[in-house]
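I opened the notebook to record what I looked up in this structure. The entries follow the order in which I took up each topic.

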Amino acid sequence: GVVAISGFEDIRNALQFAKQNNLKITTAGQHHSMGGQSFVTHGLVLNMQDFDHMELHREQGLLTVQSGATWAQVQKFLDAKGLAPKAMQSFNLLSIGGTLSANAHGIAHNPGQVAPTVRSFRVMLSDGEIKTASRDENPELFKLVLGGYGLFGVILDAQIEVTKNEVYAWKTKYMNYRDFPDYYKNNIEHNGQIGLMYGRLSIAPHSYLKEAVVHAYEKTAFEQRVPPLQLEERAWLNRLVLNFSKAGSLGRWTRWMLEKYVEPKLHKCISRNQAMSQKEPCLVSRNQQMHNSMAYLKNRLGDADILQEYFIPPENMPSFVEGLKAIVQKNRANLLN
């Protein structure tokens, strides 16, 4: 069965019903957990999608948000107030509760995972008791629930840190993959001017897993009103290019060339005078750059894209890439990203 959740008592009643009927129970935000944790066979699913109230505490730099809210809702709420999340998941269609349960990360390299930006949260235990957890109050529960995939209770709401919706200059650097660890250490890791950052490795045949690109977003002294958050455009084009890259070497070469030479010209930018100048770098707001709905991944091809994540010590990154390359080529795996 599925229980629609709109308040605390709905959760408590569902937990009691499950216990009385010896049912397993799980919590579902947007139903996108990679390991299928939001589904249970012959059990009870809590649908948290309407459990999405938010309240801003501007002086404390905190947002109290219920666990069923999505990051897209949070971004829209904060953007109107000149604020942005300090950290969030890469795709904004996912729920706050799901992100906390996975201790996910995005392109805010500092602080990295979402956990450091969580001041506290409330969780309902299996017996219906509500506990507040933070680094000082119930610290063991705090550490268990963050990244605990819903195994220790139902997250009700959380206080997360927010920051100014800064404007960044988008800067791109291409390099050999072996140079990335030193470049990151010397130019980004301790550079307080870099607000966001992500990198990619080439999947094009001529530079396969050799060429790397680093996208860094450097703070600017932008004094004008930041344009409001806009919906993504050209999702159909991004989807077409991605699907073409699945077809073979030509598709992967085309995609890398488009990302390298064409995408910078199509990127939605703002400028200091709201009119793009050829001499001016591409300027983007924090919210806009973190606004990714995953729409381009939706397709009707009937195939499945498998995501695997590996967390590698920086100094081991080159040797990991070399091992990855050997395995992928030996098995003829269709590496997409």
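**Entry 1: R239 and helix α6**

I began with the contacts of R239: leaving aside residues up to four places away in sequence, R239 touches A295, Y296, K298 and N299. I note at the outset that the model is predicted. R239 lies in helix α6, and I find this residue partly exposed, because its relative accessibility is 24% and the buried class requires under 20%.

Which residues of helix α6 are buried? For this helix, which spans residues 235–245, I list A235, V241, L242, N243 and S245. I then checked what they pack against, and the buried residues of α6 pack against α7.

**Entry 2: The parallel sheet**

I turned next to an open sheet of three strands, with parallel pairing and the order β1-β3-β2. The strands β1 and β2 each have a single partner strand and stand at the edges, so one side of each lacks a neighbour in the sheet. From one strand to the next, I record an average twist of 25°.

I followed the pairing strand by strand. Strand β1, residues 2–4, is joined to β3 by three bridges in the parallel sense, and V2 stands opposite V45 of β3. Strand β2, residues 25–28, pairs with β3 over four bridges, also in the parallel sense. There I find L44 of β3 as the bridge partner of I25.

Which residues of β3 point one way, and which the other? In this strand, residues 44–47, L44 and L46 point one way, whereas V45 and N47 point the other way; all are buried. I also looked for a helix on this sheet: α1, residues 8–20, lies across β1, β2 and β3 and runs at about 175° to β3.

**Entry 3: The antiparallel sheet**

I then examined an open sheet of four strands, antiparallel in its pairing and ordered β11-β12-β10-β13. At its edges stand β11 (194–201) and β13 (283–285); each has a single partner strand, so one side of each is left without a neighbour in the sheet. Ignoring direction, I note that neighbouring strands of this sheet are turned by 30° against each other on average.

How many bridges join β11 to β12? I record seven bridges between β11 and the antiparallel strand β12, residues 211–219. Within this pair, G199 stands opposite V214 in β12.

Two helices on this sheet were looked up. Helix α5, residues 180–187, packs on the sheet and touches β10 (167–176), β11 and β12, its direction making about 150° with that of β10. Helix α7, residues 249–266, also packs on the sheet through β10, β11 and β12, with an angle of about 145° between its direction and that of β10.

**Entry 4: Salt bridges**

Side chains of opposite charge can pair when their charged atoms come close. I count nine salt bridges in the model, and I looked into several of them.

The side chains of E9 and R12 meet in a salt bridge, at 2.4 Å from N to O. These two residues are three apart in helix α1 and therefore separated by about one helical turn. I find E9 partly exposed at 46% relative accessible area, and R12 partly exposed at 25%.

E161 forms a salt bridge with R119, with 3.5 Å between the closest N and O atoms. This pair links distant parts of the chain, 42 residues apart: E161 is in strand β9 and R119 in strand β7, residues 118–124. E161 counts as buried at 16% relative accessibility, whereas R119 counts as partly exposed at 39%. I also find K86, R119 and E161 linked in a network of salt bridges.

D157 forms a salt bridge with R122, the closest N and O atoms lying 2.6 Å apart. Here too distant parts of the chain are linked, with D157 in β9 and R122 in β7, 35 residues apart. Is D157 buried or exposed? D157 is buried, with 7% relative accessible area, while R122 is partly exposed at 31%.

**Entry 5: A nonpolar patch**

L144, Y149, L151 and F152 make a nonpolar patch of about 400 Å². I placed Y149 in the loop between α4 (139–145) and β9 (154–164). Y149 counts as partly exposed, at 42% relative accessibility.

Key
Residues are numbered from 1 along each chain as its sequence is written. This is a predicted model: local features need pLDDT of at least 70, side-chain atom pairs count only at pLDDT 80 or more; totals for chains, interfaces and linings use all residues. Side-chain values use heavy atoms; hydrogens and water are left out. Patches are made of residues with over 30% relative accessible area and no salt bridge: like charges are joined within 9 Å, nonpolar side chains (Val, Leu, Ile, Met, Phe, Trp, Tyr) within 5 Å. Accessible areas come from the Shrake-Rupley method with a 1.4 Å probe; for residues, only the protein chains shown count as cover. A salt bridge is a side-chain nitrogen of Lys or Arg within 4 Å of a carboxyl oxygen of Asp or Glu. Buried means under 20% relative accessible area, exposed over 50%, partly exposed in between (1.4 Å probe, protein chains only). Two strands pair if DSSP finds at least two bridges between them. Axes are lines fitted to C-alpha atoms, for helices over the stretch in contact, and angles run from 0 to 180 degrees between N-to-C directions. Contact means heavy atoms within 4.5 Å.
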